[in-house]
Amino acid sequence: MKNCCVYLVSLVNKENTGGVVGRILQEKGCEVLVGDGTLHDEMLARCDALVPYKAKITEEVLAKAPHLKVVSKFGVGMDRIDIEACTKRGIVAVNTPLANCISVAEHAIALMMASSKMLYFTSRALHQDEPDWKTARTRQSVELYGKTLAVIGYGNIGKYVAKLAYGLGMRVLVWSRSLQSDQILEYGDVVSSLDDAIAQADFVTLHVAGSASTKHFFGERELRLMKPGAFLINTTRGFVVDEEALIRVLEEGSIRGAGLDVFDTEPMLPGNPLSRMDNVILTPHSGAHTPEGHSRAEELAAQNIIDVMEGRMPKSALNARELADRFPC
């Protein structure tokens, strides 16, 4: 791998050393180019491997990288990577789905707990020079124990959420297009109908993949199937939920609340009605932002590059089937 050039599009740490991923690849003999978050043509022209971070990788970008063999993405979401264009050029598009599943699953559970315990409302009433104890006690919280959770999407994150919820004594229902209705799960029961899962749930947590096919997957129709006292949790992608419809049902009181880590537009725009709702917990797409998850992502992203450069197809490649003939290992 001594002739391999890797382009890290964004600064990984303050020292501008490329972080864990840079160190691993340098130890393998790679030349590591560390960018500033903006794609630079001269670096694209030289690189054999690309770690894009948040950069959008289009057909136009790929055309500027004639030596590129692999795009190795931190995390799960590949909505900013043109996988079809990568495939046409014989470039492996790969992510790190196991890196942040624990972090995001824990975040989903945290949003569930914070929503059910009305923590934003009660905490805000007390975070004042004159704490409003009486107002803080006006909202009644609910227990998670014995409540029904619908896990929508059963990838790595969905599986871990189900496990954690099961440990809290919740009844776990699972819906996924990839599951058979008679399939036995370790944690939870498969429900063949999405509508049935939503209608039975006290909490609905979304873990479907973010892609063009899942835009507004959870729309006004699905929101109105939820129980009046139910909560919606979203840690996948903002566009998976019809945000305008969600605002309507929350304003109407059709559901009790929501916990959201992702939004239609990020960062959130000023004046978003969700920011004024005291029954909604909001976090800035930070579910995956833990040192543990980031370290795993760097290690896996580096390993994916090593695999490709040494002639192996990474297990998590999104276009593995289409490019299988190029990788005998």
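Author: A residue counts as buried when its relative accessible area is under 20%, as exposed when it is over 50%, and as partly exposed in between, computed with a 1.4 Å probe on protein chains only. This is a predicted model, in which local features need pLDDT of at least 70, side-chain atom pairs count only at pLDDT 80 or more, and totals for chains, interfaces and linings use all residues. Residues are numbered from 1 along each chain as its sequence is written, and side-chain values use heavy atoms, with hydrogens and water left out.

Reader: How many aromatic pairs are there?

Author: Rings of Phe, Tyr and Trp (its six-membered ring) pair if their centres lie within 6.5 Å, and planes under 30 degrees apart are called stacked, those over 60 edge-to-face, and the rest tilted. The count by this rule is four aromatic pairs. One of them joins Tyr53 and Phe74 edge-to-face, at 4.9 Å centre to centre with 65 degrees between the planes. This pair links distant parts of the chain, 21 residues apart, with Tyr53 in the loop between strand S3 (49–51) and helix H3 (59–63) and Phe74 in the loop between strand S4 (70–72) and helix H4 (83–88); helices (H or I, at least four residues) and strands (E, at least two) are DSSP runs numbered from the N terminus. Tyr53 and Phe74 are both buried.

Reader: What geometry does the pair of Trp175 and Phe217 have?

Author: Trp175 and Phe217 are tilted, with 35 degrees between the planes and 6.0 Å centre to centre. Here too distant parts of the chain are linked, since Trp175 belongs to strand S7 (residues 171–175) and Phe217 to the loop between strand S9 (203–206) and helix H10 (220–223), 42 residues apart. Both Trp175 and Phe217 are buried.

Reader: Is Ser116 buried or exposed?

Author: Ser116, which lies in helix H5 (residues 101–116), is buried, with a relative accessible area of 0%. Taking contact as heavy atoms within 4.5 Å, and not counting residues up to four places away in sequence, Ser116 touches Ser141, Val142, Leu144, Phe203 and Phe231.

Reader: Which residues line the largest cavity?

Author: On a 1 Å grid over the protein atoms alone, a cavity is a set of points where a 1.4 Å probe fits but cannot get out, and lining residues have an atom within 4 Å of a point. Grid points are joined across faces, edges and corners, and a volume is the space filled by probe spheres set on them. The count comes to one cavity of 30 Å³ or more, and the largest cavity has a volume of about 40 Å³. Its lining consists of Asn234, Gly238, Val241, Glu243, Leu246, Leu260, Val262, Phe263 and Leu274.

Notes. On a 1 Å grid over the protein atoms alone, a cavity is a set of points where a 1.4 Å probe fits but cannot get out, and a pocket is an open set with protein on both sides within 12 Å along at least five of seven lines; lining residues have an atom within 4 Å of a point.
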